[in-house]
Amino acid sequence: MGVVVNLDEERQKSSPLDRLALLVDADLKAANAAIVERMHSPVSLIPQLAGHIIAAGGKRLRPMLTLASARMCGYTGDRHILLSACIEFIHTATLLHDDVVDESDLRRGEASANALWGNKPSVLVGDFLFTRSFALMVEDGDLEVLRILSQGSSILAEGEVLQLVTANDTETSESAYMEVIEAKTAELFAAAAELGPVIAGRPKKEQDAFRAYGMNLGIAFQLIDDVLDFSAKQEKLGKAVGDDFREGKITLPIVLAFARGNEDERAFWRRTMEELDQRDGDIEHAMELMQKHNALTDTIERARHYGAIARDALGLFPESDIKTALLDVIDFCIERAY
């Protein structure tokens with residue numbers, strides 16, 4: 001069981017993620033132990049490389065959604081421990097693959113695995129973690145759990161491919177971009193949150209409520225990540241400001257600035273994002289155009305909208321410390337932009 005804490009006191013001195021971690025402390029420690037154990041392999045490079053990214057400062061938000069939703073729904077067993085480890089393996093595998101695709105040198109402020117070991121080991125260890133996740137699903141033995149996680153993994157992969165399709169395409173519409181982030185980011189949040197009420201045997205409406213919470217939290221989370229790329233300091237974001245811009249990655253602030261710009265401004269976006277002809281001062285000019293057209297503030301407002309939907313989704317559950325912490329996490333994810 002999670003430890004008992006005075007949430008009012010904790011709210012004054014720690015972040016919502018820290019408070020949520022305290023509420024599921026014993027479960028989270030067990031999940032972390034399971035992650036370390038299950039990523040072991042006699043092939044020494046596998047735990048070495050996987051351990052590098054898993055230990056690189058991630059907050060375990062997705063696994064915590066599984067642990068918290070299970071406890072909030074009255075679950076008293078231990079299936080949620082290995083399932084939260086499964087969620088973390090899926091997430092970590094996608095990070096390894098993403099960094100190769102994006103040619104990223106940093107991950108959470110540290111050298112990325114591909115920067116240290118190269119692309120081939122990173123891809124193959126990502127594959128290993130995916131296979132470990134499916135071994136954990138089979139070990140759990142519940143077909144509904146297997147459906148949620150296998151379908152979620154498939155949708156996540158589709159989202160990554162969709163992002164490749166929209167990369168460098170300034171004609172990408174807002175709806176097309178939202179389709180990308182729902183698949184590549186929000187789907188795993190949704191699956192993680194849904195698992196709790198499923199293994200607790202709760203009614204379908206509660207399963208759907210937690211899925212809606214996770215999906216909309218995930219969308220809000222990604223939209224704020226889009227904003228942070230143009231506003232955060234490197235040490236806060238864990239990567240250099242403007243990485244998405246330099247890679248020609250189309251995100252919502254760029255979609256909005258392009259749609260609202262004049263022809264000269266659109267020519268700038270085509271040069272920098274489609275042709276990747278980027279020059280000194282371009283990132284600063286991009287930020288000026290976003291400021292001019294309220295692209296960042298409107299992206300934050302979109303995030304607030306999805307955050308409100310996530311908040312409403314938990315309305316049918318009685319008040320509890322875990323519910324309060326999950327609601328606070330929504331605000332935390334959005335307030336990262338400031």
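Analyst: Start with burial: a residue is buried under 20% relative accessible area, exposed over 50%, and partly exposed in between (1.4 Å probe, protein chains only). This is a predicted model, in which local features need pLDDT of at least 70, side-chain atom pairs count only at pLDDT 80 or more, and totals for chains, interfaces and linings use all residues. Residues are numbered from 1 along each chain as its sequence is written, and side-chain values use heavy atoms, with hydrogens and water left out.

User: What counts as a salt bridge, and how many are there by this rule?

Analyst: The rule asks for a side-chain nitrogen of Lys or Arg within 4 Å of a carboxyl oxygen of Asp or Glu. The count is 25. One of them joins D328 to R19, with the closest N and O atoms 3.5 Å apart. D328 sits in helix α18 (residues 321–335) and R19 in helix α2 (residues 16–23), 309 residues apart, so this pair links distant parts of the chain. Helices here are DSSP runs (H or I, at least four residues), numbered from the N terminus.

User: Are D328 and R19 buried or exposed?

Analyst: Both D328 and R19 are buried.

User: Which side chain does R211 meet in a salt bridge?

Analyst: R211 pairs with E194 at 3.2 Å, N to O. R211 is in helix α11 (residues 204–228) and E194 in helix α10, 17 residues apart. E194 counts as buried because its relative accessible area is 5%, while R211, at 22%, is partly exposed.

User: How is a pocket defined, and what volume does the second largest pocket have?

Analyst: Rolling a probe the size of a water molecule over the atoms shows where empty space is left. On a 1 Å grid over the protein atoms alone, using a 1.4 Å probe, a pocket is an open set of points with protein on both sides within 12 Å along at least five of seven lines; lining residues have an atom within 4 Å of a point. The second largest pocket has a volume of about 360 Å³. It has 18 lining residues, and those closest to its centre are V101, D102, E160, Q163 and L164. Helix α9 gives the largest share of that lining, seven residues.

User: What is Q163 in contact with, beyond its neighbours within four places in sequence?

Analyst: Contact means heavy atoms within 4.5 Å. Q163, in helix α9 (residues 143–166), touches V180, K184 and K249 in that sense. Q163 is buried because its relative accessibility is 13%. K249 is also buried, at 15%, and forms a salt bridge with E247 at 3.5 Å between the closest N and O atoms.

Definitions and conventions
Helices (H or I, at least four residues) and strands (E, at least two) are DSSP runs, numbered from the N terminus. Grid points are joined across faces, edges and corners, and a volume is the space filled by probe spheres set on the points.
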